[in-house]
Amino acid sequence: MPESMMMIVSTLEELRSARLILDEPVGLVPTMGYLHEGHLSLVQRAQEECASVVVSIFVNPTQFGPNEDLAAYPRDMERDLRLLESLGVNLVWTPTPEIMYPSGYQTWVQVEALAELLEGAMRPGHFRGVTTVVAKLFNGVRPAKAYFGQKDAQQVAVIRRMARDLNFPIEIIVCPTVREPDGLAMSSRNAYLDPEQHQAATVLYRALSTAKDAYEAGERDAEKLRVLMRDTLAAEPLAEMQYVSCADYDTLEELEQITGKTLLSMAVFVGKTRLIDNFVIG
Ligand code: AMP
């Protein structure tokens, strides 16, 4: 299908008709819009592996807590659509909250233990919103593969679990975190940062790098790595740590000793902006 033929649909009926004419296999890239190079790297990977690519753009209200940034979340649909069209995406699905959650809505998908740690502990209900909307995106688009970023490491773990537990016949593909030249992980929320805060926000990358360097130099005591990350964050006056973690990659439980694949992760406030980042080691 030529680039100029990008279809844009909103309702479930439109999605169903558009879905019928896509070449198989179909790859899905779920997003909340305000696209950056991280999102585009997922689209490109999907295009390499699939005959058609569907991108969803939906700022999902149910994954935001009552005191989070749902209303302020950056949006620019026109620019997003231009970008996706220039990449040659086949179909963009832009449902509204009323389409996803019509009045009387009362069905939820919830992963248990894995979704209660780390981000789940700090943002109660967040992953329930994520798994519910992703299940609905999967049912609407019925992709063979779905693409997610390592940037949201726990999200990938929780969605993998959901896909297995609910028998979704969908391969979950995780793509590397795309960073700014200064190390800051790309995020739609970086738009909230002024230049001074942007500079301060590189402390997440610096803290993760310090811990990774120590690991590579032979350190296997997980608490020592957590202390290194905390100390690096504490040295940045504009940053306020929410948590740091050195956890088993599969269970996300905090480690004492590092013996296998390990997730270093953190959440940090810079001003009012909450940023997360992670490295995988081991
Ligand atoms: P979002 O729009 O923030 O919900 O992100 C949509 C998808 O893009 C998720 O799978 C994210 O993990 C992924 N993503 C966000 N930022 C990055 C990044 N810097 N590098 C790679 N993937 C990313």
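The centres of domain 1 and domain 2, taken over C-alpha atoms, sit 26 Å apart. Domain 1 covers 7–175 and domain 2 covers 188–281, with bounds that come from an automatic or database domain assignment. The model is a predicted one, where local features need pLDDT of at least 70 and side-chain atom pairs count only at pLDDT 80 or more, while totals for chains, interfaces and linings use all residues. Residues are numbered from 1 along each chain as its sequence is written, and side-chain values use heavy atoms, with hydrogens and water left out.

So how do the two domains meet? In all, 21 residues of domain 1 touch 20 residues of domain 2, a contact being heavy atoms within 4.5 Å. Between them the domains bury about 1,700 Å², 55% of it on carbon and sulfur atoms; buried area is the accessible area (1.4 Å probe) that two parts lose on being put together, summed over both.

Now for the helices, which are DSSP runs (H or I, at least four residues) numbered from the N terminus. Helix H6 (residues 126–141) and helix H7 (residues 153–165) pack at about 55°, axes 10 Å apart. Axes are lines fitted to C-alpha atoms over the stretch in contact, and angles run from 0 to 180 degrees between N-to-C directions. H6 is therefore oblique to H7: angles under 35 degrees count as roughly parallel, over 145 as roughly antiparallel, 65 to 115 as roughly perpendicular and the rest as oblique. Among the residues making this contact are Phe127 and Phe138 of H6 and Met162 of H7.

Helix H2 (residues 37–49) and helix H3 (residues 77–87) come within 11 Å, crossing at roughly 30°, so these two are roughly parallel.
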